[in-house]
Amino acid sequence: MLLFMSITTTAILFVPGIIVQKTGQSAWLVTLFSSPAGIITLLIIMKLGQRFPRTSLPTYSEIILGKVIGKFFCVAYALFFFTANTLIIRECSEFLTYSLSSGTSMIVLNSAIVVVAGFGAFKGIEVIARANQFVLPLFIISFVCLFGLALFKADYERLLPLWETGIQPILLNSVAPASFFGEIVILLMLLPVVNKPREAWSKGLWTIFTATAFLTICALMIITVIGPNLSGHLLFPLWNLAKSLEYGNYIQRIEGFIFFFWLTGIMIKTTLFYYLTCFMSAQIFGFKSYHPIICYLAPLQVASATFLVSNTIQFQNILGKYWPPFGLFFEIVLPLFLLLVAVIRKKGVGGSIR
Amino acid sequence: MIKKLLTKVLSRSSQKIFKTPQDDTQETRTLTSDIDTNLQILHDFFHLCEDIVSKEFILNLPTSTRSFIIYADSLCDPVMINESILKPIMQENYFQVQEITTMNASLPQIILKRILINHQAKPVSDIQQLSNFLLNGHLILVIDGYSTAIAIAVQGYEERAVNEPSSEQNIRGPRDSFVESLPTNVSLLRRRIRSSRLKYQSMTLGEISQTKVGICYIQGIANDKIVKEVKVRLNRINIDSIMDSGYIEELIADESLTLFPLVQNTERPDRTAASLFEGKIAIIVDNTPSVLIVPCTIVSLFQASEDYYNNNIFATLIRIGRFFAINIALIAPAITVAVFSNNAELIPLNFLTTVAGARSDLPFPISIEIILMELTFELLREAGVRLPRTVGQAISTVGGLVIGQAAVTAGIVSPITVIVVSITAIASFVFPDYSLGTSIRILRFVLIILSSFLGLFGIVAGLMVILFHLCGLRSFGVPYLWPIAPLSVRDLKDTFVRAPWWAMSTRPSLTTDKESLRQASKQGPTKPDKEVNDQ
């Protein structure tokens, strides 16, 4: 259909800023190292897509693994999307409380996010894609402006002791952003509905490259403007970056502006994941329409986003330590496993892979 | 879900197939050859319709023949009836006519062919058809001994003259506007498109009101599928009356539950004609000066016809201004509420002190204040539209004073509120389409309320919902946000920017069918090498 993958761009942007900082001034290298994860995922998905053109994950996982395991597999994926969505909602509300709505209670914010996402999910994938297409240019323009302004404030000396920590922590830490790149796994679900599946490969690659570029620039800017020590302690360094920019008396407080586009980006991502969760579970349980599931899942989603994680520190820990391996397991290991089984059992269209 | 429920509730009453009361009494009847029976039939048909008058007279035939005319007094031109219908018929010397003596042709045929040659006249025999003609301002001539009557067009009734458009005014460009009469409206279009490819097809809608509705499109440019879809949707309409094109607009729209206009309406013929060249279809309804244009995208609602007549750079800037204006009209009050009540830190410091000082002893929170002022403004606007013109002056003076100075000096609202509300008001008058303005007005209130609860996030959430809604809308199969989403780069030349005419080489790709090229390429401005005076 359209460039779904661009959704990933919007989403990836904001979180790595949190985690990457642990590697200090070499942080920007981390994003570079993590992008292969995305490419690997994309490769696996494309191969699977070639074997099973026009069928979705639940259908072909049952073909590959048999009925029972296939179902189990899909439930696992639905749960994965659900958890991912929980985290995204939480990220969003954390950001909100951190930035502008500091007094608002988490549950209200989460419900509002879920209501909006539910509305979008109800409208279906086409609408989500179009909404994304509408927002994306604004998003990119706003960030280019931000980076452009930050350019003048940058102090490149701060980058200097390059490789100070050695290669090891960089590689280790790249696992976390890698899990975000791996989110391209949503293509697994989306590929059957993409209008021109042939272009998916090149566009997916494009997405990964631009996302990498964006992230790297982002990390670079944060380090050069704020400095590695301070930014490591900040929850949303990019927000502080925007906040710190000030030119004379005219350009001030642009973060309010950035906030808008940022938030829309996150919202669209939530909507997409919400849609996927509902769509997936509808397919697993054989419902005719995924619409009722949206209503049932909404309270669950709010509750999980609000109560599963008790505070910000814990949340940061989850994002930084526990989520990446878990996410990567679903993003790379499981699709790879699926592909391998498919190859061994010779299921799907032809054994020959171009 | 809500929609299903709503349609269920709403459509329960109309489960039965709609049927007019006349259907039972008048099956297809035709005229007889006996004049008294005919007279009786027609008298029964138009019982208690005093504006339908009939007159009996004798025709000077070899044997004097009784005949009568029947016409709607209110719809016909009496001078025309007397001078150019009755006189020739009465004075004709029928003895000289060859056919009558040889009895080869019937009398109505002769009258049609020989006497009423400069009139639009048709033979009719079916009663229903006859009454249709009669009620459309035809005169019916019935002659004894013949079961065929003659319907002669003698329409003559008061019409508003073609004036300047009242709701879409301009400085440059044609100043005529559609009026209430369908033929006049069609003529306004035909004068602009003198080609056989401009198709005009009419149909009658409204079981009782029998309103004429015409579809205009340019063959080969309009998308055949959309033309077909328009016809299908119009034919599906089964309603007793149509008073305005607004009836049709709601009946043929793709989506019922939306604030946004899915059908464009305009009273400018030049705009309509230009839309036809973009492959759109115009629906003209009798008795309505506003013509419907489908399919409609949100971008087309931002385009004023004047954009195409003015310098393109200027038009582009104006258009960008309009996009800003819609944003201001939509979110300016909401942002004010959010920033002042939740995020005062976003206001620059030196300004903050002023604002805080001004707001320090006001009774209401800013959200209430803004809603109050917006409501006042809406009231004033509504009053201004409905009031007789002579009182309008008074209202604007009082309104200006109440909204402006007095409220501030009385200490009820802050000057900031007044500024925001008035900027919003001005911005909401900028876009050319009135119905888009109404939807923006409603959404503005929704956003103010959202932002008073959730702050800036509330605005974002509200805007997201609106965006999702807009992305899901279609007008006759054309996505509402096209060409922005789904993106069509080629068609962006007429959205935010208005490309110069020599660059508008292609028509909008989604609405047009075959002929996508508008003009020959490379017609851009060229400069002669030498000045005229150079030798």
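Author: A polar contact is a pair of N or O atoms within 3.5 Å; within protein, one of the two must be able to donate a hydrogen and the other to accept it, and residues adjacent in sequence count only if both atoms belong to side chains. With this criterion, and with both residues required to have pLDDT 80 or more, one residue pair is in polar contact between chain B and chain A. Helix H18 of chain B, residues 456-472, gives the most to the side of chain B that touches chain A, with 13 residues. The model is a predicted one.

The contact as a whole draws 27 residues from chain B and 35 residues from chain A. About 2600 Å² of area is buried between the two chains, and carbon and sulfur atoms give 78% of that area. One salt bridge is counted between chain B and chain A. Glu126(A) and Arg474(B) meet through their side chains in a salt bridge, with 3.2 Å from N to O.

Next comes the partner chain. Chain A has 16 helices and zero strands. Of its 354 residues, 60% are buried. Among the contacts in chain A with a separation of 6 or more, 84% are between residues 24 or more positions apart. Apart from its neighbours within four places in sequence, Leu48(A) touches Tyr60(A), Ile64(A), Leu188(A), Pro335(A), Leu338(A) and Leu339(A). Tyr60(A) is 12 residues away from Leu48(A) along the chain, and their C-alpha atoms are separated by 9.2 Å.

Chain B, by contrast, can be described through a sheet. Five of its strands form an open sheet in the order S1-S2-S4-S5-S3, with antiparallel pairing. At the edges are strand S1 (52-59) and strand S3 (121-124) of chain B, each of which pairs on one side only. From one strand to the next the twist averages 25°. Helix H3 of chain B (residues 35-45) packs on this sheet and touches S1, S2 and S4 of chain B, its direction making about 15° with that of S2(B). Helix H6 of chain B (residues 107-115) lies across S1, S3, S4 and S5 of chain B and runs at about 140° to S4(B).

The pairings can be followed across the sheet. Strand S2 (residues 65-72) and strand S4 (residues 138-143) of chain B are joined in the antiparallel sense by five bridges, and Phe68(B) stands opposite Val142(B) in S4(B). S4(B) and S5(B) also run antiparallel, with four bridges between them, and His138(B) faces Ala153(B) in S5(B). Five residues lie between the strands in the hairpin of S4(B) and S5(B), where Gly145(B) has a positive phi near 90°. S3(B) and S5(B) pair over four bridges in the antiparallel sense, and Val124(B) has Ala149(B) in S5(B) as its bridge partner. S5(B) is mostly covered, five of its five residues being buried. Ala149(B), Ala151(B) and Ala153(B) point one way from S5(B), while Ile150(B) and Ile152(B) point the other way.

Charged pairs complete the picture. Over all chains, a search of the whole structure finds 23 salt bridges. One of these joins Arg319(B) to Asp494(B), with the closest N and O atoms 2.8 Å apart. Arg319(B) lies in helix H12 (residues 312-341) of chain B and Asp494(B) in the segment after strand S12 (478-479) of chain B, so this pair ties together parts that are 175 residues apart in sequence. Both Arg319(B) and Asp494(B) are buried. The side chains of Arg444(B) and Glu378(B) form another salt bridge, at 3.6 Å from N to O. Arg444(B) belongs to helix H17 (residues 434-454) of chain B and Glu378(B) to helix H14 of chain B, so the pair ties together parts 66 residues apart in sequence.

Definitions and conventions
Residues numbered from 1 in each chain as written. Chains lettered and ligands numbered in written order. Predicted model: local features only at pLDDT ≥ 70, side-chain atom pairs only at ≥ 80, totals over all residues. Heavy atoms only, no water. Pairing = 2+ DSSP bridges. Helix = DSSP H or I, 4+ residues; strand = E, 2+ residues; numbered from the N terminus. Axes fitted to C-alpha atoms, helices over the stretch in contact; angles between N-to-C directions. Contact = heavy atoms within 4.5 Å. Salt bridge = Lys/Arg side-chain N within 4 Å of Asp/Glu carboxyl O. Buried < 20%, exposed > 50% of the residue type's maximum accessible area, 1.4 Å probe, protein only. Buried area = accessible area lost by both parts, 1.4 Å probe.
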